[in-house]
Amino acid sequence: MGTVDPVGGDPSRDTTADRAYRLGVLLGDGIGPEIVPAAVRVVDAALAASGAAPVDWQELPVGAAAIDEHGSALPPATLEALAGLDGWLLGPHDSAAYPEPHRSRLNPSGALRKHFDLYANVRPARGFGTGRAIAPDTDLVMVRENTEGFYADRNTFAGTGEYMPTPDVAVCMGIFTRPAVERTARIAFELAMRRRQRLTIVHKANVLQLSSGLFKKVCLEVARDYPDVAVDDFHIDAMTVHLLRRAADFDVLVAENMFGDILSDMTGELAGSLGIAPSINASDDRCMAQAAHGSAPDIAGRGLANPIAMILSSGMLLDWLGTRHGDERLRDAAARVESGVRAAVLAGVSTRDLGGSASTDGFTDAVVGRIAAA
Ligand code: NAD
């Protein structure tokens with residue numbers, strides 16, 4: 001997905017073409033064991049079609065299965081192994097259903113973002129022009145600050161920013177820091193420069209003048225370095241209305257952690273379905289592919305899940321790696337992932353959420369077949 005590459009990377013760091021990348025596979029819960037293997041199949045097909053070396057996949061335990069086998073939803077051995085890999089695919093977790101004490105702990109995806117400082121969550125919303133989409137011409141990217149903001153469970157070094165002084169009082173602490181906002185804003189502006197040069201800051205600075213106010217102020221300061229980007233800003237509540245009415249007018253959005261999370265579910269659905277909403281979580285040197293949606297327990301195990309979000313997320317990871325390592329074959333494979341998905345949907349193959357009748361595997365077969373034939 002060349003147009004959504006987020007953290008340009010430094011191509012001078014490693015220009016080893018044809019190297020075999022080592023990627024982790026974390027299946028997760030619910031529909032994870034259905035959609036993550038689908039993404040692996042599509043990546044393998046795209047790499048083969050572009051002449052790149054095959055990925056060395058390493059499956060690692062996470063989620064409910066890891067609780068059963070290792071006593072932790074994110075075992076230390078998984079963290080250690082991930083640190084030595086080039087990137088990984090994370091399936092959704094059903095942390096709301098974990099037994100205590102695991103349910104009260106930071107969920108695996110929040111813990112991974114925090115542990116590896118994956119500060120930029122890049123979430124494109126691009127439709128297929130299909131009839132069921134609320135706003136089929138949506139083509140935007142949410143850049144969400146991923147390490148602090150209103151998600152109090154992950155915004156402290158030790159402990160949590162959410163606590164209960166008494167059984168009847170709950171306190172939730174939002175944190176906004178200039179460096180964290182600035183680095184995320186830069187990712188958003190760089191992305192806007194490679195797209196339609198428009199950026200919208202989402203905030204609530206009219207009420208939360210200091211915290212959300214700092215977020216807006218720092219974004220506007222970064223804007224001075226990007227005079228070619230047209231900048232506007234909206235309050236989060238008004239932003240929902242603007243997106244519902246005219247999603248196609250927006251290009252890149254930048255928002256704090258919770259606002260970005262909520263809005264990106266909505267933009268995914270506007271574009272067609274939450275099931276097509278991909279994302280990567282990136283630092284300057286690491287990248288995790290992860291669908292924007294959750295574990296969908298209501299449809300898990302029935303072959304109904306749409307694998308598109310996970311597949312496109314994996315394509316974004318390939319593009320991120322290709323840019324970082326100056327590996328054009330990997331970037332070519334990333335483009336093939338996206339065009340394979342698009343070709344399958346435009347040929348009328350889709351899962352139930354998009355109005356079709358294909359199973360998860362059936363849709364994946366259609367994508368793999370198109371990539372191989374291209
Ligand atoms: P959800 O995203 O799992 O599901 C919301 C709705 O969207 C459901 O109707 C579901 O069937 C549908 N949906 C989601 N993904 C789909 C797909 N690929 N194909 C077709 N339909 C899809 O949200 P939820 O129900 O609020 O959460 C369920 C669990 O997931 C909870 O335990 C929650 O904590 C967890 N969760 C995890 C993540 C993550 O892993 N990053 C994100 C959000 C929620």
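Reader: The expected span of a helix is 1.5 Å times one less than its number of residues; what span should helix α8 have?

Author: The 15 residues of α8 (residues 257-271) should span 21 Å, and the end C-alpha atoms are 21 Å apart, which agrees. Helices (H or I, at least four residues) and strands (E, at least two) are DSSP runs, numbered from the N terminus. This is a predicted model, in which local features need pLDDT of at least 70 and side-chain atom pairs pLDDT 80 or more, whereas totals for chains, interfaces and linings use all residues. Residues are numbered from 1 along each chain as its sequence is written, and side-chain values use heavy atoms, without hydrogens or water.

Reader: Which residues of α8 are buried?

Author: Among them are Phe259, Leu263, Thr267 and Leu270. Buried means under 20% relative accessible area, exposed over 50%, and partly exposed in between (1.4 Å probe, protein chains only).

Reader: And what do they pack against?

Author: The buried residues of α8 are in contact (heavy atoms within 4.5 Å) with elements including β4 (120-126), α6 (211-223) and β10 (252-255).

Reader: Changing topic, is Leu321 buried or exposed?

Author: Leu321 is buried, because its relative accessible area is 1%. Leu321 lies in helix α9 (residues 308-324).

Reader: What does Leu321 touch?

Author: Leaving aside residues up to four places away in sequence, Leu321 touches Tyr21, Leu23, Asp86 and Leu330.

Reader: How far is Leu321 from Phe234?

Author: Leu321 and Phe234 are 33 Å apart in space, C-alpha to C-alpha, and 87 residues apart in sequence.

Conventions:
The expected span of a helix is 1.5 Å times one less than its number of residues.
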